[in-house]
Amino acid sequence: MKPTLQLKLSQHLALTPQLQQSIRLLQLSSLELQQEINQMLADNPLLEMTEPLTEDGEDAAPLTKKTTSEEGDFAEVKTSDDVGAESESGATSESAQESAEFELDERASAEEWPSSPETGDDDEQTFQQATSVSLRDHLLDQVALVRADEDVITLLKMLIEAVDERGMLAISRDEINFMLAESSGNLAPQVSIPLWEAAVAQLQTFDPTGVGARTLPECIALQLRAMPETVAQVDALSIVTDFFDSLLAKDTLRIKRALQMEDEDYRAAITLIQKTTPKPGSPFADDVATFVTPDVIIRKSRRRWVAQLNPSTMPKLRVNSIYASILASNKAGRTTPMSAQLQEARWLIKNVEQRFATIQRVSQAIVDRQQAFFDHGDIAMRPLTLREIADELSLHESTISRVTSSKFMSSPRGVFELKYFFGSGVATDVGGSASSTAIKAMIKQMVAAEDCKKPMTDSTLAELLGAQGVLVARRTVAKYREMLGIAPVSERRI
């Protein structure tokens, strides 16, 4: 064939380091952000921190001790006396999934499951004490061994930045495309479905087994597929992939009938499932007690509550003026490694500012919708979803989820995680809706005021709520009562 020249127009996926850094900083807590900045200060001589600014008469932000319990959650010890039971309720969709994780085995918590079929609790504890490598660094080290297209590698690195502390993939293809369009305009290349699936599949081959899963069933299935193929392994995989809801509901009869399993085979499959872990990234987590500094402080100004960023959590960063002036006067310096460090320093300063600006916008939007809560407490909480805030601020719903995760606000009523203010709603007889948090507060008040000799049943509580305009079923009252830790009527009777 005669060689010819051809002009071909194609799009190439380019996720800039600045965009990747912006995503990573947005999901970090204030403590993790400080650690990230300290590392950057040690690596980049052109980046420096100014002296912290102090304001006369400014109240010190209350600290909240964050300790890890046996179930993997954290208990908060607040400094305010009136915090009390303000944060007892506040379940979200994530906490619902967390509770589902522990129902697979009533005898042991999810944190007590071994990380893999070959390793036990002692080995996992030894590994936790011996390693100081984060899950992110551990995954990035494995990227060097991947042989794939450049676009897959680029997207793979971005997915690693989105893996949370549990090892779950906390980002969607739509969110990535939304961020690409937001940063580069509508002409930015989009992540295709084949590219997305290739990068996710590659991530799910990394160690630890189960990392990169998007759902709990997928996480357990990845670990089961890594086990030797046996009859019990095949049965366990079928249960997890096809009957996971029935497994959580403990509908054993339905599972055994559908899969035509004997009792012995079912027990063997369940034993394999219990050897998996719903949190493959937990060996890399830091279980040392830490202190939470609120990112936002809520104050009342002119009869309305406003959200203000906590100055103590905002690092004062700047570019070293001496080095910057030297590079500016030296034309040859634009191609030196220091010029790249100068650009990295400017990116970090800009992304940190953008992070705090986004937190402030989201916090103020939450406060605007929950003004009654700060005035009257849980009983006045309004139902609120992530999509409402996302639509109001023209952001992606997953971005709101990242902003509200591990971010805290301090108010006269206590210190709360931003996710606490989101909850489902229940219809009222006037056509509106009441927050689940408010309904829990009403149930708690009713039970506290009941006659101990004649405690109220769930049906009676549902009727009393209906008399106040809240239409709620008896089984819903029972669910909220259990979430509040209130015993059934037979155990409350004296």
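Tutor: Let's start with Ala170, which counts as partly exposed because its relative accessibility is 35%, and the class lies between buried (under 20% relative accessible area) and exposed (over 50%), with a 1.4 Å probe and protein chains only. Before going on, please note that this is a predicted model, in which local features need pLDDT of at least 70 and side-chain atom pairs count only at pLDDT 80 or more, while totals for chains, interfaces and linings use all residues. Residues are numbered from 1 along each chain as its sequence is written, and side-chain values use heavy atoms, with hydrogens and water left out.

Student: Where is Ala170 found, and what is it in contact with?

Tutor: Ala170 is found in the loop between α6 (150–161) and α7 (173–184); helices here are DSSP runs of H or I with at least four residues, strands are runs of E with at least two, and both are numbered from the N terminus. Leaving aside neighbours within four places in sequence, Ala170 is in contact with Ala162, Asp164, Glu175 and Arg402, where contact means heavy atoms within 4.5 Å. The C-alpha atoms of Ala170 and Ala213 are separated by 8.9 Å, and these two residues are 43 apart along the chain.

Student: Arg402 also belongs to α18. What makes α18 mostly covered?

Tutor: Six of the eight residues of helix α18 (residues 397–404) are buried. They are Thr399, Ile400, Ser401, Arg402, Val403 and Thr404.

Student: And what happens just after α18?

Tutor: Ser406 takes a positive phi of about 60° there, although Ser406 is not a glycine. Ser406 lies in the loop between α18 and β8.

Student: Why is Ser406 called partly exposed, while Ser411 is called buried?

Tutor: Set each value against the cut-offs. Ser406 has a relative accessible area of 22%, so Ser406 is partly exposed. Ser411 has 7%, and therefore counts as buried. Ser411 sits in strand β8 (residues 408–411) and touches Ile298, Phe374 and Phe416, not counting residues up to four places away in sequence.

Student: Which class does Gln260 fall into, and where is Gln260 found?

Tutor: Gln260 is exposed, because its relative accessible area is 73%. Gln260 is found in the loop between α12 (252–259) and α13, and has a positive phi of about 55° although it is not a glycine.

Student: Let's follow α13, then. Why are α10 and α13 called roughly perpendicular?

Tutor: The axes of helix α10 (residues 231–242) and helix α13 (residues 263–274) come within 8 Å and cross at roughly 75°. Axes are lines fitted to C-alpha atoms, for helices over the stretch in contact, and angles run from 0 to 180 degrees between N-to-C directions. Angles under 35 degrees count as roughly parallel, over 145 as roughly antiparallel, 65 to 115 as roughly perpendicular and the rest as oblique. The two helices are therefore roughly perpendicular to each other.

Student: Which residues of α10 and α13 meet?

Tutor: Ala232, Gln233, Asp235, Ala236, Ile239 and Val240 in α10 meet Asp265, Tyr266, Ala268, Ala269, Leu272 and Ile273 in α13. By class, this contact has nine nonpolar, one polar and two charged residues; Ala, Val, Leu, Ile, Met, Phe, Trp, Tyr, Cys and Pro count as nonpolar, Asp, Glu, Lys and Arg as charged, and the others, Gly among them, as polar.

Student: At what angle do α19 and α21 pack?

Tutor: Helix α19 (residues 436–448) and helix α21 (residues 474–483) pack at an angle of about 80°, with axes 10 Å apart. That makes α19 roughly perpendicular to α21. Ser436, Ile439, Lys440 and Ile443 in α19 meet Val477, Tyr480 and Met483 in α21, a contact with five nonpolar, one polar and one charged residues.

Student: How do you know that α19 is largely enclosed by the rest of the structure?

Tutor: Because 10 of the 13 residues of α19 are buried, among them Ala438, Met442 and Val447.

Student: What makes the peptide bond from Asp207 to Pro208 stand out on your list?

Tutor: That bond is cis, with omega near 5°. Pro208 is in the loop between α8 (193–203) and α9 (216–225).
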